Amino acid sequence: MAPFQISAGQLIDFDQKSLFISALSIAFNPLFWNIIARQEYHNKVLTKLFGGRSQTACYGLALTIFSLGILRDGLYERALRHQPSHPLLETTEAKYLAYALIASGNILVLSSTWALGITGTFLGDYFGILMDDIVTGFPFNITDAPMYNGSTCSFLGTALLYGKPAGILITAWVWLVYKVALSYENPFTAGIYAKRDRERAAAKGVDKKSRVGKRGAEVDKGATAYNQHHTTGHAGKG
């Protein structure tokens, strides 16, 4: 069997504009939702737009993000169709791996959405819709970012399914973009929940002081009544 001859022209066609359009759409999506979500957190932009209904506003953002994701995937597949294939990626083994990656990616994305719910998945934290507890079950017990990792797996699987080296390059770009997005999202989200915990702790402290004060007042009231009773008794005996 003759060895595969690999040249730059066989791998990626950088003259195709669709390749760069796909890369831009991949970078745009997390940039868009992070900017919009932070504007919502600080200024309640979407909540005001939806008449003060924060949950409805979150659903609106979820629909927008979902629609942008469909557009991004369409642009990615279009870019792959305009790229050269390579025999190494058109083997039966590559196809099996492609199906396994796509299936794994979808399982991670769908199961994380199921575990978090719509508002938990689509930045409900920024709208003040917070989870009661941290989700630790599947798929969060195997990865801390199942949505992003699942999406990356699907991108790579699609690249192998089409047999396109350009798809592997775009997948690396997806991984980098998501890595940067997480470096901003994770600390900010952690800060939201840390603030909630501080407020809960402060509220418990105030409530505890209130109960202590109330009990003290009741003791003082009882002591006053006792003293009044005995003072009256002594006055009667005199």
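**The second largest pocket**

Modeller: The second largest pocket has a volume of about 240 Å³. A pocket is an open set of 1 Å grid points over the protein atoms alone, where a 1.4 Å probe fits, with protein on both sides within 12 Å along at least five of seven lines. Volume is the space filled by probe spheres set on the points, joined across faces, edges and corners.

The model is predicted: local features need pLDDT of at least 70, side-chain atom pairs 80 or more, while totals for chains, interfaces and linings use all residues. Numbering runs from 1 along each chain, and side-chain values use heavy atoms, without hydrogens or water.

The lining (an atom within 4 Å of a point) includes Ala27, Pro30, Leu31, Asn34, Ile35 and Arg38. Trp173, Leu176, Val177, Val180, Ala181 and Tyr184 line this pocket too. Two elements give two or more residues each: α2 (17–43) and α7. Helices are DSSP runs (H or I, at least four residues) numbered from the N terminus. By class, the lining has 10 nonpolar residues, one polar and one charged.

For scale, the largest pocket has a volume of about 1800 Å³. Its lining draws on α7 (165–237) as well, along with α4, α5 and α6.

Key. Nonpolar A, V, L, I, M, F, W, Y, C, P; charged D, E, K, R; others polar.
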